[in-house]
Amino acid sequence: MDRRNERLASYRTVSRKYQFFVNESTRTELGLPGRVFIGRVPEWTPDYFDIRGSVALPVFERRNRSCLGVVELIMTAQKINYNAKIENICNALKEVDLRSSDVSSNPRAKVVNTSYRAIVPEIMDVLRAVCDTDDLPLAQTWIPCICQAKRGSRHSAKNFKYCVSTVDEACYVRDHTVIDFHQACSEHHLFRSEGVVGRAFRMNEPCFFPDITAYSKIQCPLSHHAKLFGLRAAVAIRLRSVRTGSLDLILEFFLRIKCIKIEEQRATPNSLSNTIQQVCYTLRVVTAKELVDDGPFEVVW
């Protein structure tokens, strides 16, 4: 038996003896299968114990939303992008009259706001200026998934309006060694409570994480991916344009890989904000009054 098979056999032995909580009151102890069972959305990680990669999907009856169990696929080779794997599992489940969370856009949801397309050139100017000025490896833009009808395996009729995803044409990769991390972000949509992006949406103020790899998968679903690429500190800022009405977007910036001293990290957001103010001509921060006037974000069916 080669080393890879030994690792798989060892993992299988441990798994057979282990039980996971499926009670939300013990959420910090759920583990991967427990989180997927309760959350009813897939989860994947490129660095799982001694086996390199894992994909877990909830399993439902064809016409029932009640979760029957979790299918876990274990890999011995490191992988960043998992959509193809998830689609294959979903198709296999359909063959036996079961289903999971398909990697597709919500078929009933209408795209309610495509105005962001008009400001993509301005966003790119901002991302490029900030990254070039502060020597940042990556900057990307997030908006609600419903605004671009983007495919994603975490979508359902219930949670679609809370999901955000990257605008891939509004991304600037200055360090091409992290381009696969951006691809992972593009595939792994976030809810508005997750990561530095979710916190910026929720709190409506610039958010700074000095080390996103220190957060759990619940708090920051992409923390394991960031660790693979040496990315640590990140800043997210919520903005709105006079050309996009009430559509808000988040600009997310990753600090230099070698920027680990807290003093240097904390100085970067100020420099970043100054550059944004100099380059923007329609983008601006969102006021508290505007959020009250807008009311809750609703999905149009």
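Where does His 225 lie?

## Helix α7 and His 225

His 225 lies in helix α7; helices here are DSSP runs of H or I with at least four residues, strands are runs of E with at least two, and both are numbered from the N terminus. This is a predicted model, where local features need pLDDT of at least 70, side-chain atom pairs count only at pLDDT 80 or more, and totals for chains, interfaces and linings use all residues. Residues are numbered from 1 along each chain as its sequence is written, and side-chain values use heavy atoms, with hydrogens and water left out.

So is His 225 buried or exposed? His 225 is buried, with a relative accessible area of 0%. (Buried means under 20% relative accessible area, exposed over 50%, and partly exposed in between, using a 1.4 Å probe and protein chains only.) Once neighbours within four places in sequence are set aside, His 225 is in contact with Trp 44, Thr 45, Pro 46, Ile 80, Tyr 82, Phe 181 and Ala 184. Contact here means heavy atoms within 4.5 Å.

## Aromatic pairs

Phe 181, one of those contacts of His 225, turns up again among the rings. There are three aromatic pairs in the structure. Rings of Phe, Tyr and Trp (the six-membered ring for Trp) pair if their centres lie within 6.5 Å; planes under 30 degrees apart count as stacked, over 60 as edge-to-face, and the rest as tilted. Phe 181 and Phe 254 make an edge-to-face pair, 5.2 Å centre to centre with 85° between the planes. This pair links distant parts of the chain, with Phe 181 in helix α5 (residues 179-187) and Phe 254 in strand β10, 73 residues apart. Phe 181 is buried at a relative accessible area of 1%, and Phe 254 is buried at 1% too.

Then there's Phe 209 with Tyr 215: their ring centres are 4.4 Å apart and their planes are at 15°, so the pair is stacked. Phe 209 counts as buried at 2% relative accessibility, while Tyr 215 counts as partly exposed at 23%. Phe 181, Phe 229 and Phe 254 form one aromatic cluster. For a charge and a ring, look at Arg 192: its charged end sits over the ring of Phe 201, 4.8 Å from the ring centre. (The cut-offs are NZ of Lys or CZ of Arg within 6 Å of the ring centre and within 35 degrees of the ring normal.)

## Strand β10 and its partners

Phe 254 belongs to strand β10, and that strand is mostly covered: seven of its seven residues are buried. In a regular strand the side chains alternate between the two faces of the sheet. Here, Asp 248, Ile 250, Glu 252 and Phe 254 point one way from β10, with Leu 249, Leu 251 and Phe 253 pointing the other way, and all are buried.

What does β10 pair with? Strands β9 and β10 run antiparallel and are joined by seven bridges, where two strands pair if DSSP finds at least two bridges between them. Arg 238 stands opposite Ile 250 in β10. The two strands form a hairpin with six residues between them, and Gly 245 in the turn has a positive phi of about 60°. Strand β5 (residues 138-144) also pairs with β10 in the antiparallel sense, over five bridges. Within β10, Glu 252 is the bridge partner of Gln 140, and Ile 250 is that of Trp 142.

β5 is mostly covered as well, with seven of its seven residues buried. Six bridges join β5 to strand β6 (residues 163-173), and these run antiparallel. Gln 140 stands opposite Cys 171 in β6.

## Salt bridges

The structure holds eight salt bridges, each being a side-chain nitrogen of Lys or Arg within 4 Å of a carboxyl oxygen of Asp or Glu. Asp 248 bridges to Arg 238, with the closest N and O atoms 2.6 Å apart. The pair links distant parts of the chain, Asp 248 in strand β10 (residues 248-254) and Arg 238 in strand β9, ten residues apart. Both Asp 248 and Arg 238 are buried. Elsewhere, salt bridges that share partners join Asp 132, Asp 135 and Arg 174 into one network.

Asp 125 forms a salt bridge with Arg 128, their closest N and O atoms being 3.7 Å apart. These two are separated by about one helical turn because they are three residues apart in helix α4 (residues 120-134). Asp 125 counts as partly exposed at 36% relative accessibility, and Arg 128 as partly exposed at 33%.
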